[in-house]
Amino acid sequence: MTFRIVVGADSAGFEYKEALKRHLEEDERVGQVVDVGVTSDEDTDYPHIAVAAARMVAAGEADRALLVCGTGLGVAIAANKVLGVRAVTAHDAYSVERSVLSNNAQVLTFGARVIGLEVARKLTSEWLGHVFDEESRSAEKVAAIGQYEEPDAP
């Protein structure tokens, strides 16, 4: 399987986004990388970037998204506003693993002011190695999360 990945960042995460984008482009598990911004001379607020990336995932135009801001928290919150998207901030290997295997999170976020770039590269590589098992015990829990997105959810 090759992934279609969308990347994005605000100005605080721009340098990490660029480095991680290159890292993804060099990985044989990645077939396509789409960059939704920002550019070096742009200063777009993180919610707009995160929602643009999350919408691509929700629409099936990308399999996953990797987003970076100062803490990773703002882009995760914004991406989670898109129906059907599960975004997490994870700065350690176990959380990255469980975000996919237990929660089928399609969006991983990092904080450029929180995690070192080399650790982010390593975690990005590990993230690509995890695929959610639709037959796992976690599938029922992920389905329950989706049910709360319905307009008439209890």
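Strands β1 and β3 pair in the parallel sense over five bridges. Pairing here requires at least two DSSP bridges between two strands. Helices (H or I, at least four residues) and strands (E, at least two) are DSSP runs, numbered from the N terminus. Within this pairing, Val 6 stands opposite Ala 65 in β3. On β3 and β5 the sense is again parallel, over five bridges. There, Ala 65 stands opposite Val 107 in β5.

This is a predicted model: local features need pLDDT of at least 70, side-chain atom pairs count only at pLDDT 80 or more, and totals for chains, interfaces and linings use all residues. Residues are numbered from 1 along each chain as its sequence is written, and side-chain values use heavy atoms, without hydrogens or water.

Now look at β3 itself. Six of its six residues are buried, so β3 is largely enclosed by the rest of the structure. Buried means under 20% relative accessible area, exposed over 50%, and partly exposed in between (1.4 Å probe, protein chains only). In a regular strand, side chains alternate between the two faces of the sheet. Arg 64, Leu 66 and Val 68 point one way from β3; Ala 65, Leu 67 and Cys 69 point the other way.

Next, the cores. A nonpolar core is a set of buried Ala, Val, Leu, Ile, Met, Phe, Trp, Tyr and Cys residues joined through side-chain atoms within 4.5 Å. The largest has 21 residues, and Ile 5, Leu 66, Phe 110 and Trp 127 have the most contacts inside it. Elements giving two or more residues to this core include β1 (3–9), α1 (14–25), β3 (64–69) and α5 (117–128). Another core, of 19 residues, lies apart from it, with Ala 53, Ala 65, Ala 76 and Ala 79 among its members. Leu 66 is in contact (heavy atoms within 4.5 Å) with residues including Ile 5, Leu 20, Phe 110 and Trp 127, leaving aside neighbours within four places in sequence.

Finally, the charged pairs. A salt bridge is a side-chain nitrogen of Lys or Arg within 4 Å of a carboxyl oxygen of Asp or Glu. The count comes to eight salt bridges. Arg 4 forms one with Asp 63, the closest N and O atoms being 3.0 Å apart. Arg 4 lies in β1 and Asp 63 in the loop between α2 (46–58) and β3, so the pair ties together parts 59 residues apart in sequence. Asp 35 pairs with Lys 21 at 2.9 Å between the closest N and O atoms. Asp 35 is partly exposed at 30% relative accessibility, whereas Lys 21 is buried at 16%.
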